Amino acid sequence: MGQALNGSDVRSAGGGVPLIEELLARMTLVEKAGQMSQLPIFQAETTAQTIDAVREGRVGSFLNAQSVEQRNGLQRVAVEESRLKIPLIFGRDVIHGYKTVFPIPLGQSATFDPALVERAAAAAAAEAHEAGIDWVFAPMVDIARDPRWGRIAESCGEDPYLAARMGAAMVRGFQGPQPGTPGRVAACAKHFAGYGAAEAGREYGTTCIPEQLLREVYLAPFKACVDAGVLTLMTGFNDLNGVPATGNDLLLENILRGEWGFAGFVVSDWGSIVEMVRHGFVEDEPHSAVVAAQAGVDMEMGSGAYANLPKLVDQGRVALRTIDEAVRRVLTVKHRLGLFDRPYAEPRKVSVTLSNEHRSVARELARESIVLLKNEGRILPLGPHVKSIAVIGPQADDPRDQLGCWSFDGEAAASLTVLAALRERCGRDIQIHHAKGVEDCRTHDRSGFGAAIEAAKKADVVLAFVGEPANLSGECRSRAFLDLPGVQQELLECLAEVGRPIVVTVLAGRPLTIGRTCELAQAALYAWHPGTMGGPAIVDLLTGDVAPSGKLPVSFPRAVGQIPIYYNAKNTGRPATSHARGIPIGTPLDPEGFESSYIDVDVTPEFPFGFGLSYSSFEYFDLRVTPSRGKIGSSATIAFQMKNAGDVPGVDVAQLYVRDRVATVTRPVRELKRFERVSLARGETRTIEFALTTQDLGFWGRDMRFTVEPGVFDIFVGGDSRAGLGATFEIE
Ligand code: BGC
């Protein structure tokens, strides 16, 4: 079976792949519904019921096979014992690594390094493929502007351009140059769409997103994944503007397939088809199957609504054409992956799982993901005068938590913690006094404080490792309070009283409100959940072997009440002119000074998008836009000088933002359009160039068409979203 298949075959409407058309012609309705059904596996033992379902063609895919043997066993039944011998496709959540765990996706996004992110996804694909996984449920490219939402950890952050670059890189890494590349897997861009905009950050919450914003912000990363060739998409659990994403034909048929020409298949999220009953959008389970199938959901994950499809077709409630189209898409992806030719997972001659190469990618990615938020008096990197350190806090030596959320397969035993890395690195030169202070991040037990304080007293520097445990972020982990859980903050207050300098490293799955934490410390690093090699990566930065270069992919609020807070917001008619807050007692009720701000907190974020320090400092100057005006369709070069003004080498992420001054739809105060990691030796100056076309300056107009309008655009370059070096470009 199986013949060469190219993209045009796949795209041709109505098929064009003889094998698939032949199969379709022979399939019963039950077998067709089977190809549209994915079942979960919960146990290592395959049940007789499951085997029967495969033999009878009532299932086309499984998620979470427990072993290669189980996978191959089921596949054998499919390709040898079922009537049409159609291979199964096996999926799994491989979100940020398989056994070698990379930083959580939010951390990966902080690297601003799509090439390295692509290498990590390729490594994850190789390990997953070795374990018999054909298809991974990643990347998650939901724009997340609300750190209360636990799944912000799995996202690429708040910005559509950054998330688009990262999502596309992950797709390329997972899938390779073309589907079916040996050692690669199918990717799945999720959750289409708008899921990250859940009201109040509450998991599964309603989303209301005007179409203009939807297209410009929430859909942009999905479009980039489709352009990168992603083979599958997953729908969201959310109700989007009154229509659940899983029953949303505007999204799936009009935009995804109609406008973007997506030729892969769409899978529902787990149970999201039948959940439309509780949304109040459909009456019952069969009705949910009608609506999802007609909206364009080709495969159902986790529930049984699609088992009703044969009956629904007989009743005339679903068109046979709709079913055939869905099955054709599923079979086409199986074909493109080569499953008809190579249905079985075969052991590799040499295993790549947890290989040195993968671990070194994990270390490099973790290093680049960590963001230096503060470094008063240049206390970091730790100098030769440091002879003893106190290592304190629940996150210094927790091999499981550092892996982060959604890492089912990561092994704590393979993790290297900070404490282990410090012990290896410091040898006998530096004394380490280790005391946890608190047993875990959430406890209220203060009985370990005393030992921690004693350890601090003996040390030249206190290294504190605090944060969130892995299981406080990810799915269904919304939080209403974003401070350090438990009594970690109190522990830091006590340590501060000892008087030794404190370097705090926060390991967490989301931005936390850490203003006070940073006040207590001389230096602060944000390490996210850094994965298997998190320990050595953090130590590489603390010791200065590598300078920090991570940049925040999301704004950090000062207080939960500021959320949502993101850099690319719209202006108001009364923008804040000062950061000052507070109204003196007795202030009269007149409109003097009425501005868009808060009376109880500064209007700015604690740390802005794109922000991150280095051990060096960088200067941006001599910005030139050539030409400085042009017609629609033209392009311009934005050139500037970048200087490492410090005395150590370093990397800064040069960022280019634009602002459309006047438009027929109000525009964000800034939008990221380009970035590049630039490595500069000390004292080195280099010219950096970015090319922009007028297309980059367009937006979705009131008529829902993408439009480019004449006018003046501000251009800013610099090291974060407050970049001050400006010039203009005019579209004539
Ligand atoms: C999540 C998906 C995930 C799926 C399968 C769902 O609960 O929303 O992101 O891929 O489960 O595990």
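Throughout these legends, a residue is called buried under 20% relative accessible area, exposed over 50% and partly exposed in between, using a 1.4 Å probe and protein chains only. The model is predicted, so local features need pLDDT of at least 70 and side-chain atom pairs pLDDT 80 or more, while totals for chains, interfaces and linings use all residues. Residues are numbered from 1 along each chain as its sequence is written, and side-chain values use heavy atoms, with hydrogens and water left out.

**View A. Arg 148 in its loop.** Arg 148 counts as buried, with a relative accessibility of 15%. Its place is the loop between strand 4 (135-136) and helix 8; helices (H or I, at least four residues) and strands (E, at least two) are DSSP runs numbered from the N terminus. The side chain of Arg 148 makes a polar contact of 2.8 Å with that of Asp 146. A polar contact here is a pair of N or O atoms within 3.5 Å; within protein, one must be able to donate a hydrogen and the other to accept it, and residues adjacent in sequence count only if both atoms are side-chain atoms.

View B. How far apart are the end C-alpha atoms of helix 8 (residues 160-175)? They are 22 Å apart, which agrees with the 22 Å that its 16 residues should span at 1.5 Å a residue; the expected span is 1.5 Å times one less than the number of residues. Helix 8 is mostly covered, as 14 of its 16 residues are buried. Gly 176 follows the helix, and its phi is positive, near 75°.

View C. The residues around the ligand include Leu 63, Asp 93, Phe 137, Arg 151, Trp 270 and Glu 475. By class, the shell divides into six nonpolar, one polar and five charged residues. For this count, Ala, Val, Leu, Ile, Met, Phe, Trp, Tyr, Cys and Pro are nonpolar, Asp, Glu, Lys and Arg are charged, and the others, Gly among them, are polar. Polar side-chain atoms come up to ligand oxygen atoms at 2.8 Å from Lys 190 and at 2.7 Å from His 191. For Asp 269, an N or O atom of the side chain is 2.5 Å from an oxygen atom of the ligand. The protein covers 93% of the 310 Å² of accessible area that the ligand has on its own, by the Shrake-Rupley method with a 1.4 Å probe; for residues, only the protein chains shown count as cover.

**View D. Aromatic pairs.** Rings of Phe, Tyr and Trp (its six-membered ring) pair if their centres lie within 6.5 Å; planes under 30 degrees apart are stacked, over 60 edge-to-face and the rest tilted. That rule gives 23 aromatic pairs. Phe 62 and Phe 90 are stacked, at 6.0 Å centre to centre and 20° between the planes. This pair links distant parts of the chain, with Phe 62 in strand 2 (residues 61-63) and Phe 90 in strand 3 (residues 89-92), 28 residues apart. Phe 62 is buried at 1% relative accessible area, and Phe 90 is buried at 2%. Trp 406 and Phe 408 are edge-to-face, at 5.2 Å and 75°. Ring pairs also join Phe 112, Tyr 161, Tyr 567, Phe 609, Tyr 657 and Phe 675 into a cluster.

View E. Ser 351 sits in the loop between helix 15 (320-336) and helix 16 (356-369). Is Ser 351 buried or partly exposed? Its relative accessible area is 43%, so Ser 351 is partly exposed. The side chain of Ser 351 makes a polar contact of 2.6 Å with the side chain of Glu 130, and also reaches the backbone nitrogen of Thr 353 at 3.1 Å.

**View F. Backbone features to inspect.** Most residues other than glycine have a negative phi, and most peptide bonds are trans. A cis peptide bond joins Leu 380 and Pro 381, with omega about -5°, and another joins Ile 563 and Pro 564, with omega about 0°. Trp 528, though not a glycine, has a positive phi of about 55°; at 0% relative accessibility, Trp 528 counts as buried. Lys 85 has a positive phi near 60° and is partly exposed at 36%.

Methods:
A residue is near a molecule or strand if one of its heavy atoms lies within 4 Å of it.
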